[in-house]
Each structure stands twice: as structure tokens, then as C-alpha cells.
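Hello,

Here is the structure I promised you. Please open it first, then read my notes below.

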Amino acid sequence: MKQPDYGDISLRLRAIEDELAIRNLVARFTDAVNERDRDAFRQVWTENAIWENGPPRPHAAEGVDAIVDMFDRLLASRVLFIQRTHSGIIDFTGADTATARFIERERGRGSEDYYENLAVYQDVLVRTPVGWRFKRRYYNYRFLDVSAFPGEVIPIMGKLNVAGEGKLP
């Protein structure tokens with residue numbers, strides 16, 4: 001594990017910026033999933049990225065178009081799907097590369113099926129001309145419960161754009 005040389009202030013500042021950018025990338029991934037925003041979801045990947053979900057529900061896609069198609073397929077049958085990203089660690093493996101692990105909790109509901117789990121994303125990230133992006137994400141299930149749970153599903157109501165404009169209830 002190679003960490004930046006923290007003796008130089010410019011290197012320290014860059015390390016902070018890079019870590020914040022990666023954490024923001026992870027948050028944008030989660031937001032895109034929760035908002036079912038396929039365009040935002042597309043933006044977090046490199047063109048030749050790999051996205052894998054391990055057992056007991058394995059899925060895999062390579063290339064950003066295949067990844068977005070997998071995203072659509074996985075969410076198509078869910079009337080509810082919420083992903084919550086918890087703490088994570090980031091290790092810089094070079095000036096423009098990093099690995100990370102983030103803890104996930106998800107809850108989903110289809111018309112007649114239920115889904116709640118805990119998992120860990122294992123990530124490989126690269127700096128691109130437009131910022132940090134996922135080169136690979138591997139979803140490692142740690143717990144899965146498919147028991148029914150009560151509650152009412154409330155539809156997504158809208159969101160604001162970066163200018164603070166948009167449609168809200």
C-alpha cells in the first residue's frame with residue numbers, strides 16, 4: 001500500500017482533494033441508484049469498466065453500455081430500491097490509481113419479492129481527464145434477507161438540478 005508523501009503541502013492538499021473526489025464519486029453512484037438516474041450512473045464509470053455482483057445473486061457487465069443495461073435490468077422489477085453507503089477506506093496505489101472498500105446496505109421490494117442485505121464494495125479507481133472514475137466495482141454480499149417487510153412505497157417525487165431548479169412536490 002503506497003501512501004502519498006505527506007511532507008510536501010502541495011502533495012498533502014492533492015491527497016485531500018483526491019480522497020474527497022473519490023468519496024463524492026461513491027456518493028454520486030449511490031444517488032444515481034436511489035434516483036434511478038441512468039445518465040448520472042453512466043458518468044461514474046470508465047468506458048471499459050467492470051461491474052460485478054458476487055454470489056448469491058451474481059451479475060456482471062463489462063463496458064459502460066453493458067453496465068448501464070445491467071443497472072436498468074436490476075432495477076426494472078423493483079418498486080422500491082434504496083442503497084445506503086456507509087464508511088469506507090481509500091488506499092492510493094499510484095498518482096492516478098486507488099483501491100477502496102465501502103460498506104453498503106440495501107433494501108428493495110418488487111411486486112411480490114423483498115430484498116435486504118449488507119455488502120462491501122471493493123473498488124479499483126482511476127483518475128481520468130474528467131476526474132476519478134470506477135474501473136471496477138465488485139459487490140461482495142455479507143448478509144441477505146428475502147423476508148417480507150411491511151410498509152408503503154412512496155414514489156420518487158422529483159429533484160433539483162445543480163442550479164437549484166427542478167420539480168419538487
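A polar contact is a pair of N or O atoms within 3.5 Å; within protein, one must be able to donate a hydrogen and the other to accept it, and residues adjacent in sequence count only if both atoms are side-chain atoms. Keep in mind that this is a predicted model, where local features need pLDDT of at least 70, side-chain atom pairs count only at pLDDT 80 or more, and totals for chains, interfaces and linings use all residues. Residues are numbered from 1 along each chain as its sequence is written, and side-chain values use heavy atoms, with hydrogens and water left out.

Start with Gln83. It sits in strand 3 (strands are DSSP runs of E, at least two residues, and helices are runs of H or I, at least four, numbered from the N terminus). Gln83 is buried, at 2% relative accessibility (buried means under 20% relative accessible area, with a 1.4 Å probe and protein chains only). Its side chain makes a polar contact with the side chain of Thr30 at 3.2 Å. Another links the side chains of Gln83 and Glu106, at 2.8 Å.

Strand 3 pairs with strand 4 (residues 97–109) in the antiparallel sense, over twelve bridges. Ile89 has Arg101 in strand 4 as its bridge partner.

Best wishes

Conventions:
Pairing = 2+ DSSP bridges. Buried < 20%, exposed > 50% of the residue type's maximum accessible area, 1.4 Å probe, protein only.
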